[in-house]
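My entries follow, in the order in which I looked things up.

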Amino acid sequence: MDGQDADMGTGTSDTGTAGAGSTPHRSPLYDREEALGATFTDFAGWDMPLQYTSALAEHEAVRTRAGLFDLSHMGEVHVQGADAVELLGRTFVSDFSTMGVGRAKYTLLCNGAGGIVDDLIVYRLDDREFLVVPNAANAATVARTLAGTAEGLDVGVEDRTMSTALIALQGPLAEEILVNANSAHRAHPAEVEALRQLRYYSGIHMDYAGVDAVVARTGYTGEDGFELFVPWELAGETWDLLMDIGSHDGLVPAGLGARDSLRLEAGMPLCGHELTAETTPFQVGAGRCVSLSKPQDFPGRAALEQAAVSSPDVVLVGLSTDGRRAMRAGCPVLTSDSSAEPGRRIGTVTSGLYSPTLGHAIAMALVEADAAALGTLVTVDVRGHAFTATVRPLAAYKRAH
């Protein structure tokens, strides 16, 4: 999650994720998306738009103008009470005690071995109120873990996944579109200014265009953007307003296909691909999220204490080639022909595609630490064909600020 998206697994039906063999859930925006020509895919138990016109066109629109995503499959769990900070500290790897009201924090839920169960964003809405946003496939797990850990604490845990819709407005024109749409609804000047002043990784509870919403400056595309958490039954009018105002500036609806290519260009890991139960935060560059100075025990703490004082043997890196042939998840990574041991397997591609923005293939891969230095040449086996790739930073694309 900026990363915010799920793996392609299927969760359980008790907190808004359809179980295996059951009918997929539908977003409150499904009818609108169908009318716009969306192609749907079963994603973590939800029928979600994969693309509308083409993933390539939607990708380009987000990089140059703006795109509007339906992310209503994501989980929303509210944590409220005097012991809310204590509960979060006992559940996730981060320290929430110094987190300011209105701020957001990227964090992780780990298992007992220090492996990653899910990556999440936590928003502090008030002194005693937090919004926890897990990936769709893990929403049930996160909600159950929080509720189980809350026993004996003065705190309430409420899963609002099926009563909350999430709309993401992403792209260089996102702020102008968001502000103009609010102004068109005769917003108070103070509300308009609050939107403009909203910092990255912040979120506020506000009346947005007549809708009780949480508006956050977060996203999973590498561009400036906002995420709007709105009541399920009012999602349609928020979507319509943004599309109506934004279409004059080239805003287009965008699906999960473009979201995946955008996040990969920006070097944002995906749960179930880069982040798994077998990888620790220190292996994937998320060690900064782990607080070992906080007093609370949390799942995986002992294992992470050990991992923190030793160098990981496998790490996550970015790869790039000069060609267009995509390096897909699962492709073996080998030492290069010029190495001392040519052709020895040293890792595996976790995500890969042709980058529309850069014009060549990029990927992320878990490789042996000895091969992780920037500029290292490796060989990637793509269905029996060997391609030379170069180790590069995870983020292949960074927007101009």
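**Entry 1: salt bridges**

I started with E223 and R63 and found that both are buried, where buried means under 20% relative accessible area, exposed over 50% and partly exposed in between, with a 1.4 Å probe and protein chains only. The model is predicted, so I kept in mind that local features need pLDDT of at least 70, that side-chain atom pairs count only at pLDDT 80 or more, and that totals for chains, interfaces and linings use all residues. Residues are numbered from 1 along each chain as its sequence is written, and side-chain values use heavy atoms, with hydrogens and water left out.

I then looked up the contact between the two and noted a salt bridge from E223 to R63, with the closest N and O atoms 3.1 Å apart. The criterion is a side-chain nitrogen of Lys or Arg within 4 Å of a carboxyl oxygen of Asp or Glu. E223 sits in the loop between strand 12 (211–216) and strand 13, and R63 in helix 2 (residues 55–64), so this pair ties together parts 160 residues apart in sequence. Helices (H or I, at least four residues) and strands (E, at least two) are DSSP runs numbered from the N terminus.

I found that R63 also forms a salt bridge with E265, the closest N and O atoms being 3.0 Å apart. E265 belongs to helix 8 (residues 256–265) and R63 to helix 2, so the pair joins parts 202 residues apart in sequence. I logged relative accessibilities of 10% for R63 and 0% for E265; R63 counts as buried, and so does E265.

R263 and E274 meet in a salt bridge as well, at 3.1 Å from N to O. R263 is in helix 8 and E274 in the loop between helix 8 and helix 9 (301–308), so the parts tied together are 11 residues apart in sequence. R263 is buried at 1%, and E274 is buried at 0%.

The structure holds 16 salt bridges. I also noted a network of salt bridges that links E175, E176, R196, R217 and D224.

**Entry 2: charges over rings**

Which ring does R63 lie over? R63 lies over the face of Y397, at 3.9 Å from the ring centre. The rule asks for NZ of Lys or CZ of Arg within 6 Å of the ring centre and within 35 degrees of the ring normal. R26 lies over the face of Y30, at 4.0 Å from the ring centre.

**Entry 3: aromatic pairs**

I counted rings of Phe, Tyr and Trp (its six-membered ring) as paired if their centres lie within 6.5 Å, with planes under 30 degrees apart as stacked, over 60 as edge-to-face and the rest as tilted. The count comes to 5 aromatic pairs. Y123 and F229 form an edge-to-face pair, 5.6 Å centre to centre with 70 degrees between the planes. Y123 is in strand 7 and F229 in strand 13 (residues 225–231), 106 residues apart. Y123 is buried at 1% relative accessible area, and F229 is buried at 4%.

Y200 and Y201 are also edge-to-face, at 5.1 Å and 65 degrees. Y200 is partly exposed at 45%, whereas Y201 is buried at 12%.

**Entry 4: helix 4**

I listed the buried residues of helix 4 (residues 139–149): A139, A140, V142, A143 and L146. Seen down the helix axis, they fall within an arc of 165 degrees, so they line one face of helix 4; the arc is that of the directions from the axis to the C-beta atoms.
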